[in-house]
Amino acid sequence: MNILCVIDDLGSGGAQRQLVELARGFTHLGHSVVFLTYHPASFYYSYLNELGIPIKYINSSNYLTRIIKMRHFIRRGRYNAVISFLEGSNFICEVASLPKKKWSLVVGERSSKPEIKRSIKLILYRWFHFLADYIVANSHANIDLVRSVNPLLNSGKCKVIYNMVDFNTWSPSETYVPRNNGKLKLVVAASHQKLKNLIGLIKAVVLLEPYEKAALEIDWYGDRIIEPFFDESFIQAQKIIKENHLENIFSFYPAVKDLNVKIQNSDVLGLFSFYEGFPNVVCEGMACAKPIICSEVSDLPAFFDYDKNLLFNPLKSDSINKTLKYIISLSDQQLISIGEINRTMANEYFYKEDIIDQYLKLLS
């Protein structure tokens, strides 16, 4: 098949990572793949170039002009299938289907943000899903949200396919030693914006006892640790850290391509977001046999119901604090045992080849 992958940009986000890995899988199976984007972020450019996957960038700041140019590109491309991720890209691909199309179209919902229920524009995007052959989300919670704003959407067109994980890359390290430097290393991989809830985590750490603070270090990897910032939350967070003398606990790094190594060398992976689709980093942390502490969002409560102490309400710092206390209190063997449970679940739900096959069946 000739497959076109459409997304807003090729930055370091989770949706981008999933679509890039899907494209890689399609290519390895002999399919021809092209990427189409309209924002300049280029984190995955070199990776796709190494794979020999062409990238077409539509450069237009005018929204209407952009839609027209992208529609023209899609319709004249003679593609057998188009797959898009994220609402803006989905909308453009669905508009490109009018008045009719000769390709299959699979659109990917990747966000569970509450604004979907309140924004006329975001609701309208979901009503254009009638023009897609399938709507795929990476969680049941996300599908439920889409159908709540478009109740007439055929349930047979709505599919849940969890995130894929390459188990050759994301696997336990044979040299891992728990608490290697005497401290519990908590790794977070998320961009620096308000919804990722860095401030909530900091406030929870403030509530820890002195001996608990001394036993903890947090490494956060993510975009926008320098200007231009997503919003003011990272600046505010730095101020709170300084005021409470937490500089020895928190370290911040840009997004990295060897995140698997950082996670392999960690003791725990954390996710503190107010909402998510289904986070890539949780899937990858599970594949690396790491304990996960996370917000009660998306389908995560169903995955971690074997130990509810690992879950917290992201709106309440005392709830996050309770989970931090719990994970710090665990022995090395308990941490390893929880990680082994997660690795087993990852094998069941996130196996890369199975997920690529599920997408190909929809596209064909």
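A nonpolar core is a set of buried Ala, Val, Leu, Ile, Met, Phe, Trp, Tyr and Cys residues joined through side-chain atoms within 4.5 Å, where buried means under 20% relative accessible area with a 1.4 Å probe, counting protein chains only. The model is predicted, so local features need pLDDT of at least 70 and side-chain atom pairs count only at pLDDT 80 or more, while totals for chains, interfaces and linings use all residues. Residues are numbered from 1 along each chain as its sequence is written, and side-chain values use heavy atoms, with hydrogens and water left out.

**Exercise 1.** Describe the largest nonpolar core and the surroundings of Val205.

*Solution.* Begin with the core itself, which has 34 residues, and in which Val205 and Phe250 have the most contacts. Next, find the elements that give two or more residues to this core: they are β8 (184-189), α7 (198-206), β9 (216-221), α9 (233-243), β10 (250-253), α13 (317-329) and α14 (332-349). Helices (H or I, at least four residues) and strands (E, at least two) are DSSP runs, numbered from the N terminus. The most is given by α7, with six residues. Finally, turn to valine 205 and set aside residues up to four places away in sequence: valine 205 then touches Lys213, Leu216, Ile218, Leu246, Ile249, Phe250 and Leu324, contact meaning heavy atoms within 4.5 Å.

**Exercise 2.** Decide whether glutamine 264 is buried or exposed, and list its contacts.

*Solution.* First locate glutamine 264, which lies in helix α10 (residues 259-264). Then consider its relative accessibility, which is 13%, so that glutamine 264 counts as buried. Last, leaving aside neighbours within four places in sequence, read off the contacts of glutamine 264, which are Thr169, Ser171, Ser173, Tyr176, Cys288 and Lys290.

**Exercise 3.** Explain why helix α11 is described as largely enclosed by the rest of the structure.

*Solution.* Go through the helix residue by residue, and you will find that Asn280, Val281, Val282, Cys283, Glu284, Gly285, Met286 and Ala287 are buried. Because eight of the eight residues of α11 (residues 280-287) are buried, the helix is largely enclosed by the rest of the structure. After α11 comes alanine 289, whose phi is positive, near 65°.

**Exercise 4.** Summarise the chain as a whole.

*Solution.* Count the elements to begin with: the chain has 15 helices and 13 strands. Then take its extent, for the C-alpha trace spans about 65 × 40 × 40 Å along its principal axes. To finish, note that buried residues make up 55% of the 364 residues.

Methods:
Buried < 20%, exposed > 50% of the residue type's maximum accessible area, 1.4 Å probe, protein only.
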